[in-house]
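Student: I have a structure open and want to go through it with you. Can we start with the covalent links and then move on to the rings and sheets?

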Amino acid sequence: QVQVVESGGGLVQAGGSLRLSCAASGRAGGRFGMGWFRQAPGNEREFVAHITWNGDNTYYGDSVKGRFTISRENNANTVYLQMNSLKPEDTAVYYCAAIVWGPNSPYDSRAYDYWGQGTQVTVSS
């Protein structure tokens with residue numbers, strides 16, 4: 001069993017920045033691929049970003065490229081999502097998720113084994 005916990009959501013003005021944090025714990029050993037998804041009311045869950053278990057590769061959704069940066073602590077299942085130049089359309093519940101094992105597609109939510117409860121990000125005009 002792995003627990004995934006996000007934090008750092010809140011209210012920010014358009015053009016501002018916010019940093020989300022996520023930690024996966026409860027399983028001895030191993031490093032996980034970690035990703036972020038988001039979902040706004042009436043929308044499908046959308047891929048935001050992913051970082052591989054060793055930090056060697058990152059992936060971003062088209063809507064956030066150039067504005068968001070995913071990173072991780074060395075030798076730990078702790079990741080961050082730095083969100084800059086925020087837009088009202090970034091408003092959503094942001095979910096962190098972990099891939100415990102397997103070289104699956106980071107873009108596909110079905111590839112992730114464990115999910116956090118979500119943290120609300122609201123960007124005002």
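Student: Which residues does the disulfide join?
Tutor: Cysteine 22 is joined to cysteine 96, S to S 1.9 Å. A disulfide here is a pair of cysteine sulfur atoms within 2.5 Å, and by this rule the count comes to one. This is a predicted model, where local features need pLDDT of at least 70 and side-chain atom pairs count only at pLDDT 80 or more, while totals for chains, interfaces and linings use all residues. Residues are numbered from 1 along each chain as its sequence is written, and side-chain values use heavy atoms, with hydrogens and water left out.

Student: Which parts does the pair tie together?
Tutor: Cysteine 22 lies in strand S3 and cysteine 96 in strand S9, so the pair ties together parts that are 74 residues apart in sequence. Strands (E, at least two residues) and helices (H or I, at least four) are DSSP runs, numbered from the N terminus.

Student: What about handedness, and are the two cysteines buried or exposed?
Tutor: The torsion about the S-S bond of cysteine 22 and cysteine 96 is about -85°, so the disulfide is left-handed. Both cysteine 22 and cysteine 96 are buried. Buried means under 20% relative accessible area, exposed over 50%, and partly exposed in between (1.4 Å probe, protein chains only).

Student: S3 again: which strand do six bridges join it to?
Tutor: Strand S8 (residues 78–83); S3 covers residues 18–25, and the two run antiparallel. Alanine 23, for instance, has threonine 78 in S8 as its bridge partner. Two strands pair if DSSP finds at least two bridges between them.

Student: What is the strand order in that sheet?
Tutor: S1-S3-S8-S7, an open sheet of four strands with antiparallel pairing. Strands S1 (3–7) and S7 (68–72) stand at the edges, each with a single partner strand, so one side of each is left without a neighbour in the sheet.

Student: Switching to rings. How many aromatic pairs are there?
Tutor: A search of the whole structure finds six. Rings of Phe, Tyr and Trp (its six-membered ring) pair if their centres lie within 6.5 Å; planes under 30 degrees apart count as stacked, over 60 as edge-to-face and the rest as tilted. Phenylalanine 37 and phenylalanine 47 have ring centres 5.5 Å apart and planes at 75°, so this pair is edge-to-face. Phenylalanine 37 is in strand S4 (residues 33–39) and phenylalanine 47 in strand S5 (residues 46–51), so the pair ties together parts that are ten residues apart in sequence.

Student: What does phenylalanine 37 do with tyrosine 112?
Tutor: The two form an edge-to-face pair, 5.2 Å centre to centre with 85° between the planes. Both phenylalanine 37 and tyrosine 112 are buried. Ring pairs link Phe37, Phe47, Tyr59, Tyr107, Tyr112 and Trp115 into a cluster.

Student: Which ring faces does arginine 45 lie over?
Tutor: Arginine 45 lies over tyrosine 95, at 4.0 Å from the ring centre, and over tryptophan 115, at 4.9 Å. The rule is NZ of Lys or CZ of Arg within 6 Å of the ring centre and within 35 degrees of the ring normal.

Student: And the largest nonpolar core, which members touch the most others?
Tutor: Of its 29 residues, Met34, Trp36, Val48, Phe68, Leu81, Met83 and Tyr94 do. A second, separate core of six residues includes Phe37, Phe47, Ile99 and Ala111. A nonpolar core is a set of buried Ala, Val, Leu, Ile, Met, Phe, Trp, Tyr and Cys residues joined through side-chain atoms within 4.5 Å.
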